[in-house]
Amino acid sequence: MVETNQLTQYLETFVDITRSPTEQDDSRKAIASSLDNDSLSINQLVREMELYLTTTDNVVRARGILLLAEVLDSLKAKPLTNAIVHTLVGFFSEKLADWRALRGALVGCLALMKRKDVAGVVTHIDAQAMAKSMLQNVQLQALAPHDRKLGFELLEFLLQQYSEAMSTMGNLLVYATCEAIDGEKDPQCLIVAFHLIELLAQLFPSPSGPLASDASDLFEVFGCYFPLHFTHTKDDETNIRREDLARGLSLAISSTPLFEPYAIPLLLEKLSSSLPIAKVDSLKCLKDCAMKYGVDRMKKHYGALWSALKDTFYSSTGTHLSFALESITSPGFEINEIHNEAVSLLQRLVEQDISFLGFVVEDIRINTVFDTISRYSQFRGMPDTSKLEVLVISQILSVSAKASVQSCNIIFQTFFFRLMNTLGIVEKTSNGDVVQNGNFTVSTRLYHGGLHLCIELLAASKDLTLGFEECSPTPDCAQESWCSMVKRFSVPLIQVFASAVYSSSDDSVADVYLGVKGLLTMGMFWGGSSPVSRSEFEKILVTLTSIITSKSGKTMVWELALKALVWIGSFIDRYHETDKARSYMSIVVDKLVSLACSGHCGLPYPMMLEATSEVCSTGSKYVEKMVLGLEEAFCSSLSDFYVNGNFKSVDKCSHLLGCLTNKLLPRVAEIDGLEKLLVHFAISMWNQIESCGVFSCDFNGGEFVEAAITIMGQIVGIALVDSQNSIIQKAYRVVLSSTLAAMESIPLTFVALEDLQRDLSTRDELILSLFASIIIAASPAASIPDARSLIHLFLVSLHKGYIPAAQALGSMVNKLGRGTGGTYITSGCSLEEACDIIFQADFASGEKISSNGSGKIICGSETTLSKICLGFCGSLEHQTHAITGLAWIGKGLLMRGDERVNEIALVLVECLKSTNCSGHALHPSAMKHAADAFSILMSDSEVCLNRKFHAVIRPLYKQRFFSKIVPILESLIMNFQTPLSRKMLHVALAHVISNVPVTVILDNTKKLQPMILEGLSVLSIDSVEKETLFSLLLVLSGTLTDTKGQQSAEDNAHIIIECLVKLTSYPNLMVVRETAIQCLLALLELPHRRIYPFRIQVLQAIAKSLDDPKRRVRGEAIKCRQAWASITSTNIPF
Amino acid sequence: MSMLYTVMILKKVLESELWFTVLHRKIKPLAVEARLRNREKKKMTLGLINANPVVQAKKERLVRTQPDQYRDDGVDPLDIYEYVRDIRDPEHPYTLEQLSVLSEESVTVDDQLDRILIKFTPTVQHCSMATIIGLCLRAKLKECLPLHYKVDILVSPGSHADEDSVNKQLNDKERVAAAMENPNLRQLVDECIYSDEI
């Protein structure tokens, strides 16, 4: 039980309008919650509020009623007895007459309306009383927008939930609605108002009902909103869009056939306006109306509708018909929204009532086109008006034909025969034999307009069959008259199209385009009862294939024919046409694959491969055929090379591999079974390499080796683990059988390495690279036989400078399991062992390398590899190889989050110092390699250690490394260093900074910005490090555009500006200058007092950039200069 | 009843601040109404020289092909045209390009001698705005070009009644400097140069 005092206090707080809204809100909530948990009953509340509800003070009364209403609103789910609800309804209905307290009354009525079924609802009689009071007392248009909205919502609820009670009110309701909506301008209210009209129309559907008599007035009220003009684009809380309003209006207009006499003339008039939005809206609305009003009512408007539609088609179609490659499967001209809507309206009208087609068929304009179409033979030569006629009429006819079977029949009966006559195409003889070439005449001239019309008609009928055969599985259109007409003419039609393809007239592009498009359309009729018989279909395929194989250049016709074949192929695959698939296989696929394998055709080999792969990737059977064929071709040409030394065969091999990589590999997911085929291919590659003992001559087939490496890696990357294992086993056997196996036994001594200086044989190098690419791409679960000796092998090759070997080592340490607990037991080698082999490998060298134990502390790890890196022994070349190798191994460790990477990083840092533990600085080139090693460590690589190649990647590994290494580099830079070593340290730091995610930089801007700036000025001295400089500058610009970065930029403004000003004249890279100027522009975000002193300095620098040799820099300079000049009231002195 | 409604709507439309304007065959759209009123106001205060100029469509921006990385891009007439095409006319809310005061052919550049010549065509023979337009061109180019260019601005021969004096005025350093020191003129020129409202 709430204490009376407290309740009074709450009431006072709410009623007192001087209190803050939050206080009022709180007291309302308090009352509502005590009602909800039954510590206060409604009766008590009302009794307590009596004074507030009945006082003559308008403000207090309004607040009191509002409080009661809002409390009710939050109790929608609480059960109340019918008596209470009844009393409340009575109260609020009565209060609707009290205009000073109207808001509360409206909220209260709405709250009662929204009550749930279980909690006591308003009865029909009460609702009727409420409606009556509402209609009599409330003048909606005199109220504020929010109240109007509440009023509309109340009406909406009444009509939706108490339609029976409402229907008794008849004319009064309609009249009051008219009055309420009249002149409404608020979009939120309008949305509800439009819905109201829809509900009214549902309520009084009868043609003699109350709506019928007032329909004209009602339509007058809301019809004037059409077409909706809504310019308010800013998002407010309600977020009403123009589309919603237009849709609502359209639904209201089409809600009842009673509006028909007023709506259709208005819509037709608006359709004739020049405003695009009016046209689109009218077309949409007309479509809605056609559906709702019914055929009978629409019939009297057909004449006007047809002429308006025709005009719309004419005005929305361009005269440009594209003969480009892309448009072979599309209409070939620009389509805008108006056109789309017109098409769908026409289709709907024809679908609904076939008699509308009478207007189309009898249209004078269409009929004259058929008579004059043969006047111009070339599309290019036609005047614009005739072009327009042809395009529009082809559209109209194809849309009407697509609407239904019946309409298709009518269109074909009326026009097809005439069209054939005009084109000079004569039907085949009555006995059904295929007519020989001589027996009928193909007109010597091709009429483009006619051909276009003909293709559009055929395409429409084709789409028609596809359209309804998706729902019914038994295609049966053979009896339809259009089908028999097409059948009669199919042979000569195909012949005409084929002759167009081979034409060589002066406008051959259009000829060829129309010819191929025609053949494509004829080839895509669906089902067994299609008007094109199998032999004719095969003829089409033969024609297209012969174009591809005969021509010897990448001409338009070649590309068109290829595209058409691909479309036909994917069509067959999609609709599972077994008969046609067989023809396609035997005619197209077999022919192309055999040509691709033999390579003996007039076509350049890459084009042949392109055609084959495009065509074959339309179905999985074709792919199988192709991959097997290519495998054979690869093997034979490789053996041709090593037996006969035929260099052409190597070229062929690399093209072949390139084709597989580029065309087929990206589609592995789409094509079933491709993965197995490719694995098989990889294994037979190894077989072939194994069988060729020695290459008869050396070759510089870098292209071939590269292609082979790429495809091998990619195949392993996509293969399943089992397949990976089998490839690895196979490859390992080949390695064992080669001379590479000998390298495994080479001790890691300098003498031995010196001996190795002569290069490996070409074959061994190929095997090594291929094997490395397999290891790089293998997943962690794959098993590697004899990993120890393999690591040894890679280590030796690394010292000889084979980068792939280093990458393979990196991948191995990245993926090997940890110790005994790891997953990697089969190989018998754990990560620990691998690291032992790599780092501790005993260099049993003649000279003793260690620092003879004089107590000098060398860097973190005293490993052999690091000693080589630091130049204790070995040649310079040797040293750089070791550094790069170390970087790749480090990357592998870094990505899995192994601690050993820290030692590696320390070794690399040691290489950069001017006085390191060996007591002297390294050779500049070695230092450069060490600095670039940081780029290898931090950047994402395309060739190895990425997701595609199953690398183990620990989250945030870059961030961790960044936070460890940056303080070290920083403190070294601070200490005195020689200029060279200082520069190299900066390069390393730049690599680290520019590869870490930008959020990390933003968190540390304060510390980093001075370092970045110093780095920029050190790197800008010469042109060697221009790319690094640019990436560092991008980081700086990132910090300047962020709020966090701007705070620290404020402190460093003078250094930043000095540095940027210097960079605006950096001569070596244009983007650096451009970015520097953009950064200067971004600096204007800083507080005025901070940047104003630098104004003159910046303006002077920018004035020089106005004369920059590059246009883009000049453009940026103008913008920047204007912005900097405008921060003061005085202008640039004139 | 219907006539009464229409009148009422019209009244409300004209009186209140609107998101909506009601398009109806009996009602003029608000936007047109407002523009007409604006125009009348302007006419009363300024007295337009050319009240109804012919407006051309804006041309598409030229998209340059990716420039050669190793070659310098010299200043060419199109560059200069890019700079000045968007200057607004002093008396109409259209750009000089839209009013055909300037076109791509009106700029010539001599890169060896660092000279730039612009010939513009006023919309009417007796246009008193010609000097303002010239001043705008000069001020804009001053901002966009380095100092070593010499800019000559002329009205196209025969296109202006007072051709010689306009030309003389536009290419006299002292008079231009004096004009730019006049705060009213300066403000007008700045409005024309920096206006983004088009």
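Q: In this predicted model, how far apart are the end C-alpha atoms of helix H5 of chain A?
A: Helix H5 (residues 82-95) of chain A has 14 residues. At 1.5 Å a residue, the helix should span 20 Å. The model agrees, because the end C-alpha atoms of H5(A) are separated by 20 Å.

Q: Within what arc do the buried residues of H5(A) fall, seen down the axis?
A: The buried residues of H5(A) include Ile84(A), Val85(A), Leu88(A), Val89(A) and Phe92(A). An α-helix has 3.6 residues a turn, so residues three or four places apart point the same way. The buried residues of H5(A) line one face of the helix, because they fall within an arc of 160°.

Q: Which residues are exposed on the other side of H5(A)?
A: One face of H5(A) is lined by its buried residues. What covers those buried residues includes H3, helix H4 (58-73), helix H6 (102-113) and helix H7 (124-137) of chain A. On the other side, the exposed residues are Asn82(A), Ala83(A), Thr87(A) and Glu94(A).

Q: What percentage of the residues of chain A count as buried?
A: Chain A is built with 55 helices and zero strands. Among its contacts between residues at least 6 apart in sequence, 76% join residues at least 24 apart. Chain A exposes about 46300 Å². Of its 1134 residues, the buried share is 57%.

Q: With which side chain does the side chain of Lys730(A) make a polar contact?
A: Lys730(A) sits in helix H34 (residues 721-737) of chain A. Its relative accessible area is 9%, which is under 20%, so Lys730(A) is buried. Not counting residues up to four places away in sequence, Lys730(A) touches Ile683(A), Trp686(A), Asn687(A) and Glu690(A). The polar contact, at 2.8 Å, is with the side chain of Glu690(A).

Q: Is Asp38(A) buried or exposed?
A: Asp38(A) lies in the loop between helix H2 (21-36) and helix H3 (42-54) of chain A. Its phi is positive, about 65°, although Asp38(A) is not a glycine. Most residues other than glycine have a negative phi. With a relative accessible area of 58%, which is over 50%, Asp38(A) is therefore exposed.

Q: What is the relative accessibility of His950(A)?
A: His950(A) is placed in the loop between helix H44 (924-938) and helix H45 (957-974) of chain A. His950(A) also has a positive phi, near 60°. His950(A) counts as partly exposed, because its relative accessibility is 26%.

Q: In what order do the elements of chain B run from the N terminus?
A: Chain B holds seven helices and three strands. Buried residues make up 40% of its 198 residues. Among contacts between residues at least 6 apart in sequence, 61% join residues at least 24 apart. From the N terminus on, the order is α-α-α-β-β-α-β-α-α-α.

Q: How far apart in space are Arg88(B) and Ser195(B), C-alpha to C-alpha?
A: Arg88(B) is in the loop between helix H3 (77-84) and strand S1 (107-110) of chain B. Arg88(B) counts as buried, because its relative accessible area is 11%. In sequence, Arg88(B) and Ser195(B) are 107 residues apart. In space, C-alpha to C-alpha, the distance is 6.8 Å.

Q: What distance separates the C-alpha atoms of Cys136(B) and Ile193(B)?
A: Cys136(B) belongs to helix H4 (residues 130-144) of chain B and is buried, at 1% relative accessibility. Leaving aside neighbours within four places in sequence, its contacts are Ile87(B), Val189(B), Cys192(B) and Ile193(B). Cys136(B) and Ile193(B) are 57 residues apart along the chain. Their C-alpha atoms are separated by 6.6 Å.

Q: Over which residues of chain B is the pLDDT below 50?
A: The mean pLDDT of chain B is 74, and 65% of its residues reach 70 or more. One stretch is below 50, and it has 49 contacts in the model beyond near neighbours in sequence. Where pLDDT is low, the predicted coordinates should not be read in detail. In chain B, the stretch below 50 is residues 9-46.

Technical notes: Residues are numbered from 1 along each chain as its sequence is written. Chains are lettered from A and ligands numbered from 1 in the order in which they are written. This is a predicted model: local features need pLDDT of at least 70, side-chain atom pairs count only at pLDDT 80 or more; totals for chains, interfaces and linings use all residues. Side-chain values use heavy atoms; hydrogens and water are left out. Helices (H or I, at least four residues) and strands (E, at least two) are DSSP runs, numbered from the N terminus. Buried means under 20% relative accessible area, exposed over 50%, partly exposed in between (1.4 Å probe, protein chains only). Contact means heavy atoms within 4.5 Å. A polar contact is a pair of N or O atoms within 3.5 Å; within protein, one must be able to donate a hydrogen and the other to accept it, and residues adjacent in sequence count only if both atoms are side-chain atoms. pLDDT is the predictor's confidence in each residue, from 0 to 100. The expected span of a helix is 1.5 Å times one less than its number of residues. The arc is that of the directions from the helix axis to the C-beta atoms. Accessible areas come from the Shrake-Rupley method with a 1.4 Å probe; for residues, only the protein chains shown count as cover.
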